[in-house]
Amino acid sequence: MERTQLLELANKYGSPLYVYDTDKIASQYNRLTNAFSDVKNLKLNYAVKALSNINILKFFKNLGAGLDTVSIQEVQLGLTTGIDPKNIIFTPNGVSLKEIEDVAKLGVQINIDNLSILEQFGQQHPEVPVCVRINPHIMAGGNSKISVGHIDSKFGISIHQVPHIKRVVENTGMNINGIHMHTGSDILDIDTFLRATEILFDVAKQFDDIDFIDFGSGFKVPYKEGDISTNIEQLGLQLTERFNEFCIEYGKDITLMFEPGKFLVSEAGVFLAKVNVVKQTTSTVFAHVDSGFNHLVRPMMYNSYHHITNISNPEGRDRYYSVVGYICETDTFGSNRRISEISEEDILCFHNAGAYCFSMASNYNSRYLPAEVMIVDGQDYLIRKRQTIQDILHNQEMVELPAKVSEEATV
Ligand SMILES: *Cc1c(COP(=O)(O)O)cnc(C)c1O
């Protein structure tokens, strides 16, 4: 996206503003499908939780993607786009049997990640084929909050409990039609990932009627210059060869699935915020923007790096800034960043803001959620209006309170 176009959009729609470039989404999608072009049946299910605006979901549907969902609400968002429920997989963690049953009734593929619910679901609905989430206990993932494959992780059914799964299948007569893993975000080492896939092949062999293996996600994208990212092309070559071998061994052309979020949308998004105040203290120059961790929580929550540029003054002299928000507690987007000289009212651009940014935004400090804009073929579309005070008040009930607090309460 061009700097001048982003400035125009900030002008047109106000700040703060999220902007998504669908060309970038399509090119990432195509990069992944090309890397696995020698797999006969490939299915990419976009992880809705990364960025869940229904127009983004519709764009993925038009690309031919399915959806990976973690709540019945995400399933409902997907269904509003008209996507076939068969192209949705439900991969929740620790949700109730009731929610799983409700989603199954919609015709969505169910993925169960614990033995207790697997057994209950199988007893009551043996006719509904179910995928199981396996925890291969392979340590992958950038940090402990997003790494979900380790031994004491709450995710998946332990690889050591596969005999239990088989017993549940025997006792209930249910059918396991898919094997799944999701080892966590940020795969840096392809060999580690491939070791986990071997474990899944071993599990899949133990079931007679597998239609697909879902290798989850965790593809890493660069957040700054020099960052290592997952080598998708190399992974494609190595995993394709192994997967095709497995299909021959298994005697069936099963489907290879992935469910990427970050890889598909992270780089496609930017977040634009306006500088309210430039404040020089004895040690630091702060640039205070008209936003905070209520709108982009990743730096505060995960210590994530988001590259920040001053699109109002790209040719200025670089200076060091701490870019901070307006939330009334520590609220830092980046410390000691070299940025082209900032003046009040400049628009700062936060890069890699497509994944886990708007979808994690809140109304903390009673601020409005930002507006969202999507660019398709160079044309901008407002896909979410900025909130108003009505949205903040919505669902709050003003109740009748006694005018005076009772005597006892004041003691
Ligand atoms: C979050 C999640 C994903 C997407 O992970 P990314 O790192 O964004 O690609 C995929 N599958 C499951 C089950 C998830 O919970």
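Modeller: One cut-off before we start: buried means under 20% relative accessible area. Keep in mind that this is a predicted model.

Biologist: Fine. Is S217 buried or exposed?

Modeller: S217 has a relative accessible area of 6%, so S217 is buried. The residue lies in the loop between strand 9 (212-214) and helix 9.

Biologist: E259 interests me. Which other residue touches E259?

Modeller: T91 is one of them. Not counting residues up to four places away in sequence, T91 also touches D68, T69, V70, N111, R133 and H180.

Biologist: Where is T91 found?

Modeller: In the loop between strand 4 (88-90) and helix 5 (97-105). T91 has a relative accessible area of 5%, so T91 is buried.

Biologist: And what separates the C-alpha atoms of T91 and T69?

Modeller: A distance of 5.9 Å. Along the chain, T91 and T69 are 22 residues apart.

Biologist: Switching to helices. At what angle do the axes of helix 8 and helix 9 cross?

Modeller: Roughly 15°. The axes come within 11 Å. Helix 8 covers residues 190-205, and helix 9 covers residues 232-250. Angles under 35 degrees count as roughly parallel, so helix 8 and helix 9 are roughly parallel to each other.

Biologist: Left-handed or right-handed crossing?

Modeller: Right-handed, as helix 8 passes helix 9.

Biologist: Which residues in helix 8 and helix 9 meet?

Modeller: From helix 8: I190, D191, F193, L194, T197, E198, F201, A204 and K205. From helix 9: Q234, L235, Q238, L239, R242, F243, F246, E249 and Y250. By class, this contact of helix 8 with helix 9 has 10 nonpolar, three polar and five charged residues.

Biologist: How about helix 6 and helix 7? How do they pack?

Modeller: At an angle of about 15°, with their axes 9 Å apart. Helix 6 is residues 115-124, and helix 7 is residues 162-172. Helix 6 and helix 7 are therefore roughly parallel to each other. Helix 6 passes helix 7 in a right-handed crossing.

Biologist: Which residues make the contact of helix 6 and helix 7?

Modeller: L115, L118, E119, G122 and Q123 come from helix 6. H164, I165, V168 and T172 come from helix 7. By class, the contact of helix 6 with helix 7 has four nonpolar, four polar and one charged residues.

Biologist: On to rings. How many aromatic pairs does the structure hold?

Modeller: It holds 16 aromatic pairs. Take Y18 and Y20: their ring centres are 6.2 Å apart and their planes sit at 15°, so the pair is stacked. Y18 is buried, and so is Y20.

Biologist: What other aromatic pair does Y18 form?

Modeller: One with F358, and that pair is edge-to-face. The centres are 5.8 Å apart, with 80° between the planes. The pair links distant parts of the chain, 340 residues apart. Y18 is in strand 1 (residues 17-21). F358 is in the loop between strand 16 (347-350) and strand 17 (371-376). F358 is buried too.

Biologist: Which residues form the aromatic cluster?

Modeller: F36, F201, F215, F219, F243, F246, Y250, F258 and F263 form one cluster. F201 is in helix 8 and meets helix 9, where F243, F246 and Y250 belong to that contact.

Biologist: Which residue has a positive phi although it is not a glycine?

Modeller: N365 is one of them, with phi of about 70°. S366 also has a positive phi, near 55°.

Biologist: Last one. What is Y320 in contact with?

Modeller: Leaving aside its neighbours within four places in sequence, Y320 is in contact with V285, N336, R337 and R338. Y320 is found in strand 14 (residues 318-324).

How values were computed. Residues are numbered from 1 along each chain as its sequence is written. This is a predicted model: local features need pLDDT of at least 70, side-chain atom pairs count only at pLDDT 80 or more; totals for chains, interfaces and linings use all residues. Side-chain values use heavy atoms; hydrogens and water are left out. Axes are lines fitted to C-alpha atoms, for helices over the stretch in contact, and angles run from 0 to 180 degrees between N-to-C directions. Helices (H or I, at least four residues) and strands (E, at least two) are DSSP runs, numbered from the N terminus. Angles under 35 degrees count as roughly parallel, over 145 as roughly antiparallel, 65 to 115 as roughly perpendicular and the rest as oblique. A crossing is left-handed if the near helix is turned anticlockwise from the far one by less than a right angle, and right-handed if clockwise. Contact means heavy atoms within 4.5 Å. Ala, Val, Leu, Ile, Met, Phe, Trp, Tyr, Cys and Pro count as nonpolar, Asp, Glu, Lys and Arg as charged, and the others, Gly among them, as polar. Rings of Phe, Tyr and Trp (its six-membered ring) pair if their centres lie within 6.5 Å; planes under 30 degrees apart count as stacked, over 60 as edge-to-face and the rest as tilted. Buried means under 20% relative accessible area, exposed over 50%, partly exposed in between (1.4 Å probe, protein chains only).
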